[in-house]
Amino acid sequence: MKVFIKHSLPGRLRLGYNSNVLSSRQAILAQSLIAVQEGINDIQVNPLVGSFLVYYDSSIISEKEILNLFAALTDKYLNDQNLLDAVAIVPETDSTFGILFETAFNVLLRRLLPLPIRNIILYSHIIPRVGRALLALMKGTIFSTDLLDATALSVAVLSGNTATASSVSLLLEMGEQIEGITRKRSYNNLAQTLLISNESVHILVNDEEKTVPASTLKKGDTVIVRAGSQIPADGTVIRGTGMANQASITGESLPVEKSEGSTVFAGTILEEGEIVLTVISTGKDTKVHNIISLIDQSQSLKATVQRRSEKLAEQIVPFNFLLTLITWLITRNVTKTISTLMVDYSCAMKLAAPIAVLSAMKEAATWGISVKGGKYLEEAAQAQTIIFDKTGTLTYATPTLTDIYPMKGYTKEDILIMAACLEEHFPHPLGRAVVQAAEEQHLRHPENHAKVEYIVAHGIASTLDGKKLRIGSKHFIFEDEGIPFTNEIENIHSSLQDSGSSLLYLAIDGKLAGILAIGDPVRKDAKEAIATLKRLGIKKCMMITGDTEGAAKKIATETGVDAWHAQALPEDKVSFVEAERKAGNKVIMIGDGINDAPALSAATLGIAIDGCSSIAGDTADIVLSKDGLAGIVAIRQLGMGLLDRINRNNALIIGANSALLAGGIFGFISPSLAALLHNSLTIGISLSAMQPVLPEFVTEIEDQ
């Protein structure tokens with residue numbers, strides 16, 4: 001297999017390949033085979049542009065060795081039908097060039113046929129069009145593009161202009177086929193983008209565990225799934241026991257036990273335990289149904305501007321007939337009359353608007369943004385108010401040790417070592433922050449303490465070298481354990497509470513030894529994202545959190561939100577959303593937790609951020625899977641760009657087709673040329689509607 005280096009950074013390599021030589025399915029097979037090689041951390045493939053993006057450990061494998069791995073993928077592997085059958089089927093489209101060639105060939109072939117046969121072929125193409133027009137009339141659609149086409153062809157034949165009718169018929173067929181390809185390609189581009197997953201899974205290769213992208217899974221792979229992880233493929237459990245939440249598939253409200261021989265489903269969550277499964281169908285195959293559902297839904301959830309374009313297209317058709325009648329009454333010229341029938345506004349409007357919406361959804365999906373319907377892009381563009389949750393949205397929801405306050409006789413290192421020694425035994429978020437800080441500072445904490453006892457909602461108790469150790473909340477240390485709360489401690493406590501930090505108190509033999517302050521850091525891009533959203537027309541940025549006043553004030557100050565509310569319950573968040581909507585504002589609600597789900601549902605547009613809970617992701621209209629708050633800015637820009645594109649396309653369609661009509665009326669262009677130019681315009685605008693809306697955003701993400 002031949003590849004070439006397009007871009008290279010330490011540990012990151014972008015390779016190109018000839019997509020005309022290698023099929024999409026072969027490219028995904030190559031991705032699967034390379035992913036399990038030693039030193040490959042991640043590999044992504046984009047069959048649309050013919051490239052691989054490889055992340056690797058340079059201490060294990062070099063660029064040259066990676067190129068050799070690809071070179072070793074000969075036809076023996078890439079044409080192995082068993083291997084190809086094990087990876088996903090990638091949708092492909094017909095060739096536009098092929099249709100143009102076929103049309104040109106048909107034109108030449110028909111000219112060589114005897115006149116009676118040419119007429120039979122012509123009538124066989126006209127009769128179905130007349131049938132569709134009559135069917136539309138029977139359904140109550142008085143004016144339609146089918147009626148326009150049928151009328152034009154019928155008039156040409158009845159007036160004896162069979163050559164004109166034949167040319168027009170061929171051009172109409174060619175235009176419809178290319179329009180069909182354009183629409184199909186926009187659907188397939190969206191589907192194929194969603195099929196390429198960047199999630200990682202753990203597989204066993206020769207009894208050795210490796211981490212690979214979920215998109216590289218094949219039938220027969222052995223996958224390890226641990227508690228809290230999503231099951232990446234349909235499979236059969238071969239080892240282990242766990243409890244799987246299957247509500248999204250079966251509707252069962254309680255987790256179901258899975259053990260050896262049980263079947264598990266892609267997209268469900270393993271809440272407890274650990275299982276090893278054999279893949280029976282890949283996650284990509286399972287996702288196909290979700291993709292089809294998403295695309296179908298995207299057409300039922302049309303943006304208002306898209307519905308307006310389609311309605312305008314239908315309303316213009318009667319004026320085409322009126323113009324045709326006027327042209328006939330004034331000129332009594334059949335050729336000029338047919339020319340006015342060959343040009344209509346509705347084809348391009350009805351095709352370009354939905355293609356623009358689908359392409360915008362595909363563009364969002366490329367960068368990890370899942371949009372559940374076209375109308376949500378429009379809502380993102382028109383919203384006036386954004387309401388943020390705090391934890392996990394404006395912050396990382398990853399507690400971090402920010403400071404240590406040792407009492408007399410102890411150092412910061414002493415406090416951190418002892419605290420980590422106790423906290424490592426229990427998976428509490430604050431405890432994990434302490435242990436992580438000790439690891440980062442390379443501090444060792446030997447296990448020479450007695451049995452550790454965890455007291456729920458209070459803290460941890462143990463002994464170390466004969467001394468009584470206690471670590472936990474203020475209530476646990478100063479009330480339950482009776483340790484004196486001195487003025488010095490009161491001053492430190494007050495200053496830290498105002499900063500919004502969570503506090504852990506470490507006591508040794510009945511005296512306070514130190515205080516550990518733990519905070520939830522603000523996302524690096526939060527302040528810039530909020531400032532950018534305001535520049536893009538957002539009138540009000542609010543933050544609503546269930547956290548304390550001190551924590552809320554600190555985050556609000558750092559991010560620059562206009563208003564904030566602390567200690568809010570889920571129903572309070574809903575009330576704030578409803579109040580803004582009653583004031584006449586379109587509201588975007590952004591959250592990540594179960595408690596945000598009611599507000600996400602109540603908002604005009606609900607956005608769930610990366611790492612969100614399952615219920616938040618299901619409730620939200622848009623889900624961001626990466627890039628943090630930059631994705632929200634991108635959605636705003638994408639929605640605004642989409643509306644602008646549809647409106648500009650409509651203006652171009654009306655202007656250009658009006659010029660073609662004028663050319664036909666005044667005899668500057670023939671009916672055949674009018675049909676050719678009209679179809680070319682429709683196809684050109686449709687192709688332009690498929691282009692990226694956000695090239696700057698795309699470049700920025702690509703460089704990261």
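1. Helices, as the term is used here, are DSSP runs of H or I with at least four residues, numbered from the N terminus. Thr393 lies in one of them, helix α15, which spans residues 390–394. The model under discussion is a predicted one.

2. Is Thr393 buried or exposed? With a relative accessibility of 0%, Thr393 counts as buried, because the cut-off for that class is under 20%. Setting aside neighbours within four places in sequence, Thr393 is in contact with Phe388, Arg523, Ile590, Gly591, Asp592, Ile609 and Leu629.

3. Helix α14, residues 374–382, is mostly covered, with seven of its nine residues buried. The buried residues of α14 are Gly374, Tyr376, Leu377, Glu378, Glu379, Ala380 and Ala381. The reader may wish to note that the two glutamates, Glu378 and Glu379, are among the buried residues of this helix.

4. Thr411 belongs to the loop that runs between β14 (400–406) and α16 (412–423). Its relative accessibility is 41%, and Thr411 therefore counts as partly exposed. Thr411 and Gly514 are separated by 103 residues in sequence, yet their C-alpha atoms are 8.8 Å apart in space.

5. How do helix α20 (residues 526–535) and helix α25 (residues 630–665) cross, and at roughly what angle? Their axes come within 9 Å and cross at roughly 15 degrees. Since angles under 35 degrees count as roughly parallel, α20 and α25 are therefore roughly parallel to each other. The crossing of these two helices is left-handed.

6. The contact between the two helices is formed on the α20 side by Ala529, Thr532 and Leu533, and on the α25 side by Ile632, Val633 and Arg636. By class, the residues of this contact of α20 with α25 divide into four nonpolar, one polar and one charged. As background, an α-helix has 3.6 residues a turn, so residues three or four places apart point the same way.

7. Some totals place these details in context. The protein contains 27 helices and 24 strands. Of its 704 residues, 48% count as buried. The accessible surface of the protein comes to about 32,400 Å², and 56% of that surface belongs to carbon and sulfur atoms.

8. A final point concerns contacts across the sequence. Among contacts in the protein between residues at least 6 apart in sequence, 67% join residues at least 24 apart.

Conventions:
Residues numbered from 1 in each chain as written. Predicted model: local features only at pLDDT ≥ 70, side-chain atom pairs only at ≥ 80, totals over all residues. Heavy atoms only, no water. Axes fitted to C-alpha atoms, helices over the stretch in contact; angles between N-to-C directions. Parallel < 35°, antiparallel > 145°, perpendicular 65-115°, else oblique. Left-handed = near helix turned anticlockwise from the far one by under 90°. Contact = heavy atoms within 4.5 Å. Nonpolar A, V, L, I, M, F, W, Y, C, P; charged D, E, K, R; others polar. Buried < 20%, exposed > 50% of the residue type's maximum accessible area, 1.4 Å probe, protein only. Areas by Shrake-Rupley, 256 points an atom, 1.4 Å probe, with all protein chains shown as cover.
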